[in-house]
Amino acid sequence: MSDFVILPEQDRSTYCTAKQYKDLYRQSVEDPDAFWLGQANRLDWFKAPTRGGEWSYDPVEIAWFADGTLNLCHNAVDRHLDQRADTTALIFEPDDPASAARILTYRQLHGEVVGMANALKALGVGKGDRVTIYMPMVIEGLLAMLACARIGAIHSVVFGGFSPEALAGRIVNCGSRFVVTADTGLRGGKVVPLKANVDAALDHDGVEVDGVLVVRHTGADVAMAGGRDHWYHELVSDAECPCEPMNAEDPLFILYTSGSTGKPKGVLHTTGGYGVWTATTFHYVFDYQPGEIHWCTADIGWVTGHSYIVYGPLMNGATSLVFEGVPNYPDHGRFWDVIDKHQVNILYTAPTAIRALMREGDHFVTSRSRKSLRLLGTVGEPINPEAWRWYFDVVGEKRLPIIDTWWQTETGGIMITTLPAAHDMKPGSAGLPFFGVRPQLVGAEGEVLEGATSGNLCIRHSWPGQSRTVYGDHERFVQTYFSTYKGKYFTGDGCRRDEDGYYWITGRVDDVINVSGHRMGTAEVESALVLHPLVAEAAVVGYPHDIKGQGIYCYVTLNAGEAGGEELAAELRQYVRKEIGPIATPDHIQFTDGLPKTRSGKIMRRILRKIAENDYGSLGDTSTLADPTLVDRLIEGRQNS
Ligand code: WTA
């Protein structure tokens, strides 16, 4: 096919050729239990599992390796002490390039994790407790995750960019009684007041915790509440702290993610299946070779950070780079500086970062060597072919494979991707299903579509890394993922499959928008807007944005007698920022005297989306609207804004 990008034969070994992929894929779908029990051998088990997948999508109950016992901290840290105690486990690159980088071998990492685990115990944390981690991108954030895994506590990492309100909601939802944070964080030279945000969150009604562990990072002065707040360096100790044996189905973590309705939900992952999935995908997809430096630029506040900064790399004994900063500080060459400085071999980043750097011109890239790079990866949103081309041509100098990896918080790890050097690539297509993944494209009536076609992306057989439930609300789990199409997991994404069997994700088909690779529920932004005393009603949609992929477009109606203007728009933007966090800041606010509704009162978002996109030719049937004349006023408002 002409749209393939084919790399010259590579003279390096890989774990998987195209032929091996075919064989392994066939085995993985013909006998999933045998295949995954085999892959489970990648991990050390206290008691090896004999049972594979035990699951049903109606009713929804999912388990893998249910008779196995293991600990993921042991797998990520302790078990490397025999073979590679002096191998570098983590490289920390600080926000300020003039500050010293920090390097931890597996032996040192072990000592640090034990120290953190003891500090958590001293705080009162025990097996099964939920621990909220609200940290900057520093080593201690990873230590807190691994220490929870070590003692059998369930971590709930909340992205450090979220507001006190958002943090409070997540603490309450999972009944977490412990928070791990730092004095302040640094991002692009700006201070993030993490401890102060925790204090503000804990001031909310109904938020009550027993202990807050505070890591001294920048040395900023912070308030410490007596009895509740403890400095990490005062609780840390090197007492013995063995890894707690966990059942494969014991929870490992909760991670909040946005859906099309309501508040963010706590996606729950368990120990064995998630461990096997992230270890296996990391091995094959990144084709990791011993000695290589792996850099995933995500934050540990997102699933990408969980799976491909922490668990996947460390369970494979890899060297993982932890970056505190941002791509454009001190200048737009920072990524390439970090790569040269630490001789990074694998770069895994997001299309939004690629587009932002592309806009600044090639010289930031070409003025740096980048010779150490061996593989480029992308994740988080569809990558437009233009950005793909720039990544391939300029960053990779046409010599490096690109993997475009499609997956979700709920899937635990990578689901669709090409394998480097095994598969030819197509710019803009994620590629082929990973082992054991059985995608189905489904039509509006639930019919399964075969061959080259487009439809809603479902997965029809469970895989070990699949989320097991929504924390505290299994019914919501069932409704969200398994009720649209009976017997299938529905991803919420639209997708095309081409004649070569390659998958092209076209984006969300629900009311979730993807802003700079971050999932945002339009309902969340709407709820924040209507909290403002002048706002009567709000409808939020995504619209194309050059850098962010999608921007946040808000239609706002005000209380009778109120008039909107620049000033109020700015105030509302601030308001949403404060409620949710900077990533939810509206890009555009349009005041309107009404929202397009059907006679039964349902907002017709399709129309709002088209108008936000400046696409008035295909508004479709507007005759069912309660007030058809509103559409013209909305268009006029769009054009004037
Ligand atoms: C989108 C991030 C196209 C998709 C790992 C999915 C992608 C949502 C890709 C999950 C990709 C992720 N190509 N779209 N390679 N990767 N997405 O839960 O819409 O933060 O449903 O997980 O991001 O976002 P989440």
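**View 1. Strand 4 and its two partners.** Strand 4 runs antiparallel to strand 5 (residues 102–105), and 4 bridges join the two. Strands here are DSSP E runs of at least two residues, helices are H or I runs of at least four, and both are numbered from the N terminus. Two strands pair if DSSP finds at least two bridges between them. Strand 4 is also joined to strand 17 (residues 319–323) by 4 bridges, and this pairing is parallel. Phe-92 takes part on both sides: Arg-102 stands opposite in strand 5, and Val-322 stands opposite in strand 17. Strand 4 (residues 88–93) has 5 of its 6 residues buried, so the rest of the structure largely encloses it. Buried means under 20% relative accessible area, exposed means over 50%, and partly exposed lies in between (1.4 Å probe, protein chains only).

The model is predicted: local features need pLDDT of at least 70, side-chain atom pairs count only at pLDDT 80 or more, and totals for chains, interfaces and linings use all residues. Residues are numbered from 1 along each chain as its sequence is written, and side-chain values use heavy atoms, with hydrogens and water left out.

View 2. A UniProt record (unreviewed entry) places "domain: Acetyl-coenzyme A synthetase N-terminal" at residues 21–76. Over residues 21–76 the chain is 41% helix and 21% strand, with the end C-alpha atoms 26 Å apart. The UniProt annotation "domain: AMP-dependent synthetase/ligase" (unreviewed entry) covers residues 78–462. Over residues 78–462 the chain is 31% helix and 24% strand, and its end C-alpha atoms lie 30 Å apart. UniProt positions follow the numbering used here, feature names are shortened, and annotations may be inferred rather than shown by experiment.

**View 3. The surroundings of Thr-349.** Thr-349 lies in strand 18 (residues 346–349). Thr-349 counts as buried because its relative accessibility is 4%. Its side chain makes a polar contact with the side chain of Thr-297, at 2.8 Å. A polar contact is a pair of N or O atoms within 3.5 Å; within protein, one must be able to donate a hydrogen and the other to accept it, and residues adjacent in sequence count only if both atoms are side-chain atoms. Leaving out residues up to four places away in sequence, Thr-349 touches Thr-297, Phe-335, Ile-354, Gly-377, Thr-378, Val-379 and Tyr-391. Contact means heavy atoms within 4.5 Å.

View 4. Helix 6 (residues 139–151) has 13 residues. From first C-alpha to last it reaches 18 Å, close to the 18 Å expected at 1.5 Å a residue. The expected span is 1.5 Å times one less than the number of residues. Helix 6 is mostly covered, with 13 of its 13 residues buried. Gly-152 follows helix 6, and its phi is positive, near 80°.

**View 5. Gly-312 in helix 11.** Gly-312 lies in helix 11 (residues 303–315). Gly-312 is buried, with a relative accessible area of 0%. Not counting residues up to four places away in sequence, Gly-312 touches Thr-278, Phe-282 and Ser-307. The C-alpha atoms of Gly-312 and Ala-539 are separated by 39 Å, and the two residues are 227 apart along the chain.

**View 6. Aromatic pairs.** The whole structure holds 38 aromatic pairs. Rings of Phe, Tyr and Trp (its six-membered ring) pair if their centres lie within 6.5 Å; planes under 30 degrees apart count as stacked, over 60 as edge-to-face and the rest as tilted. Tyr-57 and Phe-482 form a tilted pair, 4.8 Å centre to centre with 50° between the planes. Tyr-57 lies in strand 1 (residues 53–57) and Phe-482 in helix 16 (residues 474–482), so the pair ties together parts 425 residues apart in sequence. Tyr-57 and Phe-482 are both buried. Phe-434 and Phe-435 also form a tilted pair, at 4.7 Å and 45°. Phe-434 counts as buried at 1% relative accessibility, and Phe-435 is buried at 0%. One aromatic cluster holds Tyr-21, Tyr-25, Phe-35, Trp-36, Trp-277, Tyr-284, Phe-434 and Phe-435.

View 7. The open sheet has 5 strands in the order 24-23-25-27-28, with antiparallel pairing. Strand 24 (448–449) and strand 28 (503–508) stand at the edges with a single partner strand each, so one side of each has no neighbour in the sheet. Strand 27 (residues 489–497) pairs with strand 28 over 5 bridges. Arg-496 has Trp-504 in strand 28 as its bridge partner. Strand 31 (residues 535–545) and strand 32 (residues 549–558) run antiparallel, joined by 10 bridges. Strand 31 and strand 32 form a hairpin with 3 residues between them.
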